[in-house]
Every structure is written in structure tokens, then in C-alpha cells.
Amino acid sequence: MNLVMLELRKHRLLVGGMLLVALLWAAWMARLVLAGESLATLAIHIGFLFALTPVGLLVPIVLARTLSGEATGPLAFLLTSPRRGLAHVSARFGAAFATLALYYGVLVAVSAWVAASAGIRYDAWLPLATWGYFLASWVAPVVILGIVYGLVVAAYRPGRGGQAVAVAAVFGVFKVWGWLGGQTLGRLDFLPKLPLPEVVVPREVAPFLGMTPSDLDLRQALQPLFDGVPTAPVFVGLLLSVLLFWVAVRLWEEVEWA
Amino acid sequence: MSVFFPIAVFYAVLLGLALWATWLGWTRSKSLTARVFVVTMALVWAGFTAADAWHAYRLFQDTGLAEVVSGDFGRPLYGGYDTCSFCYEGPAGRVFVVAASELVGGNYMFTEDARYALRFKSGDVRLDGRRLEPGCHEGKAEAGTLVLVNEAKGFRLEVGEAARCD
């Protein structure tokens with residue numbers, strides 16, 4: 001727990017900033033919706049989602065930068081501490097993942113509320129499923145990849161191409177990830193699928209989503225093309241996270257010998 | 001000189017980076033995990049880069065510069081649409097497919113004699129000027145045959161020897 005608190009204190013500016021942005025955003029959207037501007041709010045919200053979603057990438061980047069300087073910084077004693085690598089990596093991963101889960105949780109909740117108030121009808125489980133799907137298939141692997149990047153840099157002699165080595169390794173991981181994703185998406189039909197969600201977009205909202213103004217039933221429209229939402233990306237993301245986590249734990253325990 | 005040359009230079013630089021990282025990765029650390037992980041992943045990246053270069057080279061050889069630049073890879077259909085929602089246009093297995101849950105203002109011409117299977121749930125679709133009933137229609141079309149879609153829902157047009165209504 002001390003390690004988690006240390007992480008949060010170290011990155012209090014980033015964590016606090018992200019949560020502040022998310023909450024201010026929620027407050028502004030709530031103010032607009034309560035003022036009766038539902039359609040305009042939806043348009044603003046969709047536009048800004050494109051800017052707010054990639055902000056989460058800051059977390060793995062900051063994690064990687066911190067870790068890559070750790071071995072030569074004031075917290076180098078952490079790397080040689082008797083605590084196991086598992087505890088250190090878990091603490092960092094946990095703090096980062098919790099921050100991102102909270103941040104994206106706020107975004108998803110605000111999106112769901114804004115969409116509902118604009119008249120879009122959807123299944124009650126849809127926001128929660130979207131959140132979980134995104135966290136498992138994207139956020140977890142990218143966060144742990146940031147940790148691995150930083151540890152790889154720290155495991156090499158400083159100033160001698162450590163960054164190039166880590167960049168090449170991360171590119172390789174992305175290639176493997178993409179290859180696994182492509183292989184599994186078409187072939188793992190036996191995995192359970194999520195049902196197509198019930199989403200009904202009323203006529204007046206459709207133009208805001210770049211569609212012709214007509215009532216649109218998403219499930220009806222997609223049914224001839226798909227029989228469900230594949231969960232293969234979730235399994236691939238979890239598998240990749242576990243493998244990278246294991247690599248990170250071993251790296252942590254070996255960094256001190258570099 | 002081949003048009004592929006600048007692309008080859010690009011891939012060669014990437015490949016050089018990957019191999020340099022592999023060398024550094026094996027020699028500059030004492031951590032076994034770091035060495036094995038970095039070398040494996042850098043070689044994976046190098047392999048994919050080499051494969052990409054090979055595919056790009058074959059693409060240029062097979063189709064030529066004009067087709068690659070224009071993005072027109074000998075499609076059996078020529079044309080487009082005004083608006084559509086949830087649409088796909090491109091190869092799907094052994095057939096070329098135009099599929100959309102809702103298609104407005106579609107205008108396609110067969111560029112070669114080909115089998116087709118045309119299915120739609122509702123709307124106004126014309127094949128060579130004949131208005132079609134909703135449902136599925138299959139047959140052979142000559143080059144130059146026009147498919148006009150004023151508006152249609154649940155639209156799917158397959159072109160190719162494997163196109164079937166089933």
C-alpha cells in the first residue's frame with residue numbers, strides 16, 4: 001500500500017489533473033444538459049471525446065519516463081529493495097490502471113448520460129460493457145507496456161542506445177499484438193460473444209453522428225452483418241497483459257544487475 | 001530505376017534500426033530477461049518489416065504504379081454512393097462485396113463480365129434500368145451493366161464466381 005501511495009504522490013499532478021479535467025468536463029456537460037441544451041451538448045461532447053480519450057496515453061508515457069530514470073535517480077534504492085518485483089510492478093500497475101479506470105469511467109458515464117438526455121435509447125448494460133471492454137482490451141496492455149518500456153531502458157547501460165532498444169522491443173510487441181488480433185478475430189468463433197446492443201438513434205440526433213436524418217436502430221442495422229460483438233480482443237489484451245506483467249516482474253528483479 | 005527504390009530505402013532504414021537494436025539488446029545488458037525479450041521482439045519487428053517490404057514489392061510488381069497510387073486494384077465494380085451507414089466495400093473472401101445497412105444514391109458499373117448476387121430488404125434498386133423486387137437476385141452481368149441504388153436497406157451486392165444467394 002505504501003508503494004501505491006508513493007506512486008500516487010509522485011504523480012499527483014498527472015493523476016489530480018486528469019481527474020480534475022474529467023470532473024470539470026462532467027460538471028460542464030451537466031450544466032449544459034440541465035439548461036435544456038441536450039442536442040448541442042451531445043454535439044460538443046462527441047467532438048471533445050476525440051480530444052479527451054487519447055489523454056489517457058499520458059499515463060503509460062509518464063510511467064515509462066519515470067521508470068527509465070529510476071535507476072540513476074533518487075529512488076534507485078527501490079530497485080534494490082528486498083521487496084519482490086511483483087510488489088513494485090503491481091503497485092505501479094495498480095495505481096496507473098486505477099487512475100485510468102476512474103478517468104474513463106467518468107467519460108463513459110458522462111457520455112451515457114448525455115446520450116440518454118439527447119434521446120438516444122440503449123441497453124442499460126452498454127456503458128458498463130464498453131468501459132470493461134476498453135479497459136481489458138486496450139488500457140491494461142498499454143499501461144503494462146509503458147512499465148516494460150521504462151524497465152527495459154533501466155536494464156541497459158545508460159547512454160548507449162537504451163532508448164532504441166526499448167523502442168524496437170515495443171514495436172515488436174505492437175506487431176505481435178496486431179498479428180494476434182488479426183488471427184483471433186476471424187478464427188475464435190467458439191468464444192462467447194456479446195449480444196448486439198440495443199441502440200436507437202432518433203431522427204433529430206442522427207445528423208450529429210454524421211448520418212442521414214432518419215430513425216436508426218443500430219441492432220436492426222447490424223443484424224444482417226454481424227451476430228454479436230466478438231470478445232477476442234479482450235482475451236488477446238488480457239493474455240498480452242499477463243505475459244508483459246511477467247516480463248516486467250522479472251525485469252525489475254534483474255535491473256539492479258545492469 | 002525502379003519506383004520501388006525510395007520505398008526500399010525506407011524499409012532498409014527500419015530494418016537497420018531493428019537489427020541494430022537486436023545487437024545492442026544482446027550485448028549491452030546483463031539482465032537475461034531483458035536480453036531475451038528485447039532480442040525476440042526486435043527480431044519480430046525486423047521480420048514483420050521484411051515481410052511488409054516484400055508485400056509492397058510484390059504489390060508494385062503485380063499491379064504497377066498507377067494502380068497502387070490510384071488505389072484501384074482491378075475491381076470488378078466501378079462507382080460509389082452518396083451516403084451510407086454501416087457500409088463495407090471491398091473484397092470479402094472469394095467475392096467483391098458492397099454491403100450497407102442503408103445506402104443512398106449508389107451508382108455502380110460492372111467493369112468485367114461477372115457473376116453477381118444482389119440482395120436487399122427494401123428500397124429502390126435498379127439493375128440495367130429494371131426495378132428489382134426486394135429479395136435476392138443472382139445471375140451473370142456483362143461489363144457495363146449498371147446498378148443504381150436510389151435508396152436501399154439491408155443491401156449486399158456480391159460480385160465474383162462464388163457469388164450466390166444463400
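Mentor: A definition comes first: helices (H or I, at least four residues) and strands (E, at least two) are DSSP runs, numbered from the N terminus. This is a predicted model, in which local features need pLDDT of at least 70 and side-chain atom pairs count only at pLDDT 80 or more, while totals for chains, interfaces and linings use all residues. Residues are numbered from 1 along each chain as its sequence is written, with chains lettered from A and ligands numbered from 1 in the order in which they are written.

Trainee: In what order do the elements of chain B run?

Mentor: From the N terminus, the order in chain B is α-α-α-β-β-β-β-β-β-β-β, which comes to three helices and eight strands.

Trainee: What does the C-alpha trace of chain B span along its principal axes?

Mentor: The trace of chain B spans about 75 × 40 × 30 Å. The radius of gyration of chain B is 23 Å, whereas a compact globule of 166 residues would have one near 15 Å. That quantity is taken over C-alpha atoms, and the globule rule is 2.2 Å times the number of residues to the power 0.38.

Trainee: Is strand S4 of chain B mostly covered or mostly uncovered?

Mentor: S4(B), residues 114-120, is mostly covered, with six of its seven residues buried. A residue is buried if 20 or more other C-beta atoms, placed from the backbone, lie within 10 Å of its own C-beta atom.

Trainee: And which strands pair with S4(B)?

Mentor: Strands pair if DSSP finds at least two bridges between them. S4(B) pairs with S7(B), residues 135-141, in the antiparallel sense over seven bridges, and B:Ala114 has B:Ala141 as its bridge partner there. S4(B) also runs antiparallel to S8(B), residues 146-159, through four bridges; B:Leu118 stands opposite B:Leu157 in that strand.

Trainee: Changing topic, how many residues has the largest nonpolar core?

Mentor: That core has 75 residues, and A:Val148 and A:Leu151 are among those with the most contacts inside it. Helix H7 of chain A, residues 126-154, gives the most, with 14 residues. A nonpolar core is a set of buried Ala, Val, Leu, Ile, Met, Phe, Trp, Tyr and Cys residues joined through C-beta atoms within 7 Å. Another core, of 23 residues, lies apart from it and includes B:Tyr108 and B:Val159.

Definitions and conventions
A residue is buried if 20 or more other C-beta atoms lie within 10 Å of its own, exposed if 12 or fewer, and partly exposed in between; C-beta atoms are placed from the backbone.
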